[in-house]
Amino acid sequence: MGSGIVGRAVLQAYRKALENANKTGVAHETVQNIRRAGKAMTEQEARQILGISEQSTWEEILQKYDILFERNAKHGSFYLQSKVHRAKECLESVYQWKGDGKH
C-alpha cells in the first residue's frame with residue numbers, strides 16, 4: 001500500500017514539473033532544439049549529395065545544384081529534390097561565412 005502512495009506522489013510531481021516547464025516554454029524550446037539537431041545536415045553530407053569537393057567554387061556548386069534539382073524535378077523524386085535543395089542551403093551558409101564568391 002505504501003508503494004502505491006509513493007508512486008502516485010512521483011506521478012503528481014512529474015505532472016507538475018511538466019506543467020511548469022510548459023508554462024515557461026522550456027519544454028517547447030527543448031523539443032524544437034532536439035528536432036533541429038536531428039535534421040541538421042552536415043557540410044560533408046551536403047558535399048556528398050551534390051558530388052562536390054571542398055575545393056569547389058560557389059559557381060560549381062550552383063551548376064551541380066541546378067542539374068540535380070532539375071533532373072529530380074522531371075524524372076526523380078521529391079525526396080531527392082529536397083535533399084539537393086537542403087544541401088545547397090547548408091553550403092550556402094558555409095560559403096557565405098567564408099566569403100567565397102557568393103553574391
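I call a residue buried when its relative accessible area is under 20%, and exposed when it is over 50%. The model I have open is predicted.

**Overall layout**

I looked up the secondary structure to begin with. The protein has 5 helices and 0 strands. Along the sequence I read the pattern α-α-α-α-α.

Of its 103 residues, 19% are buried. The accessible surface comes to about 7,900 Å². Carbon and sulfur atoms hold 56% of that surface.

Next I turned to contacts. I took those with a separation of 6 or more, and 60% of them join residues 24 or more positions apart.

**Helix α4**

Which residues of α4 are buried? My list reads Trp 58, Ile 61, Tyr 65, Leu 68 and Asn 72. They cover an arc of only 100° around the axis, so they sit on the same side of α4. The spacing fits a general rule. An α-helix has 3.6 residues a turn, so residues three or four places apart point the same way.

I also asked what covers these buried residues of α4. The cover includes α3 (43-50) and α5 (78-98).

Last, I checked the face of α4 turned away from its buried side. There I noted the exposed residues Gln 63 and Lys 74.

Conventions: Residues numbered from 1 in each chain as written. Predicted model: local features only at pLDDT ≥ 70, side-chain atom pairs only at ≥ 80, totals over all residues. Heavy atoms only, no water. Buried < 20%, exposed > 50% of the residue type's maximum accessible area, 1.4 Å probe, protein only. Helix = DSSP H or I, 4+ residues; strand = E, 2+ residues; numbered from the N terminus. Arc of directions from axis to C-beta. Contact = heavy atoms within 4.5 Å. Areas by Shrake-Rupley, 256 points an atom, 1.4 Å probe, with all protein chains shown as cover.
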